[in-house]
Amino acid sequence: MKYLICIGSGGLAREVTSLIREEKKFQNLSLKSYCFSSSIVEEDDLFPPIRSLPTNFYYVVAVGNPQWRAKCINQLHKNSIISAQPINIIHSSSYISKSSNVHENSGIIIFPNSVVMNGVTISSNSMIGSSAVVEHDSYIGINCTISPNVTICGNVVV
């Protein structure tokens, strides 16, 4: 059996877990969620329960703070003795233009009712909040968070 692990802290992890449960394409994966307090991100040994999993797994990191998200991902890969692969969580009510560049299996989370327009690039481990709009030819960098209801006008680099 293959696992999908949602790693996060508090409400955001619960929201992402709900998104995962809604999506039919993830129903063949066993979902596990690991929540932690923000102070634990500073520790070296963040993921002992994950290391004990018997098989390889997909993961998504549901942490709003980009620096903490980067630390979680670094810790995950540093401490993982099994195969861990990021997976995208894109809500079915979101609109993603066919000419946008959202890499498969790169840890991107796109919440409900979001719009990603033509020529937009979204880099790995970034999050686009609910009802956010990213206009044409914009670039969202690694580990970036676009808050809910925000509009990024065309040709912007974040």
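Predicted model: local features only at pLDDT ≥ 70, side-chain atom pairs only at ≥ 80, totals over all residues.

A: Helix α1 covers residues 11-22, twelve residues in all. At 1.5 Å a residue, α1 should span 16 Å. Its end C-alpha atoms are 17 Å apart, which agrees.

Next, the sides of the helix. Leu12, Ala13, Val16, Thr17, Leu19 and Ile20 are the buried residues of α1. Viewed down the axis of α1, these buried residues fall within an arc of 155 degrees, so they line one face of the helix. Arg14 and Arg21 are exposed, and sit on the face of α1 turned away from its buried side.

What covers the buried face? The cover of the buried α1 residues includes β1 (3-8), β2 (30-35) and β3 (57-62). It also includes β5 (89-90), β8 (109-110) and β11 (127-128).

Take β1 from that list. Six of the six residues of β1 are buried, so the strand is largely enclosed by the rest of the structure. Tyr3, Ile5 and Ile7 point one way from β1. Leu4, Cys6 and Gly8 point the other way. Both sets are buried.

β1 pairs with β2 in the parallel sense, over six bridges. Within that pairing, Ile7 stands opposite Tyr34 in β2. β1 is also joined to β3 by six bridges, and these two strands run parallel. Here Tyr3 stands opposite Phe57 in β3.

Now β3. Six of the six residues of β3 are buried, so β3 too is largely enclosed by the rest of the structure. Phe57, Tyr59 and Val61 point one way from β3, and Tyr58, Val60 and Ala62 point the other. Every one of these is buried. β3 also pairs with strand β4 (residues 84-86), in the parallel sense, over three bridges. Phe57 has Ala84 as its bridge partner in β4.

In soluble globular proteins, nonpolar side chains tend to be buried together.

Here, the largest nonpolar core has 17 residues. Val16, Ile20, Ile89 and Ile109 touch the most other members. β1, α1 and β3 each supply at least two residues of this core. α1 gives the most, with five residues.

A second, separate core holds 13 residues, including Ile108, Val120, Ile128 and Ile146.

Move on to Ser123, in the loop between β10 (121-122) and β11. Is Ser123 buried or exposed? Its relative accessible area is 8%, and the cut-off for buried is under 20%, so Ser123 is buried. The side chains of Ser123 and Tyr139 are joined by a polar contact of 3.0 Å. Leaving aside neighbours within four places in sequence, Ser123 is in contact with Ile108, Tyr139, Ile140, Gly141 and Ile142. Ile108 is also one of the residues in the second core.

Another loop residue is Glu135, found between β12 (133-134) and β13 (139-140). Glu135 is partly exposed, with a relative accessible area of 27%. Which residues does Glu135 contact, leaving aside neighbours within four places in sequence? They are Met117, Val120, Thr151, Ile152, Cys153 and Gly154. Cys153 lies 18 residues from Glu135 along the chain. The C-alpha atoms of Glu135 and Cys153 are separated by 5.1 Å.

There is also an open sheet of four strands, in the order β6-β9-β12-β15, with parallel pairing. Its edge strands are β6 (95-96) and β15 (151-152), each pairing on one side only. β6 is joined by two bridges to strand β9 (residues 115-116), and the two run parallel. Ile96 stands opposite Val116 in β9.

Last, the whole chain. The protein chain has three helices and 15 strands. Of its 158 residues, 46% count as buried. Among contacts with a separation of 6 or more, 42% come from residues 24 or more positions apart.

The buried residues of α1 line one face, while Arg14 and Arg21 are exposed on the face turned away.

Conventions
Residues numbered from 1 in each chain as written. Heavy atoms only, no water. Expected span 1.5 Å × (residues − 1). Buried < 20%, exposed > 50% of the residue type's maximum accessible area, 1.4 Å probe, protein only. Arc of directions from axis to C-beta. Contact = heavy atoms within 4.5 Å. Pairing = 2+ DSSP bridges. Core = buried A, V, L, I, M, F, W, Y, C linked by side-chain atoms within 4.5 Å. Polar contact = N/O pair within 3.5 Å; in protein donor to acceptor, adjacent residues only side chain to side chain.
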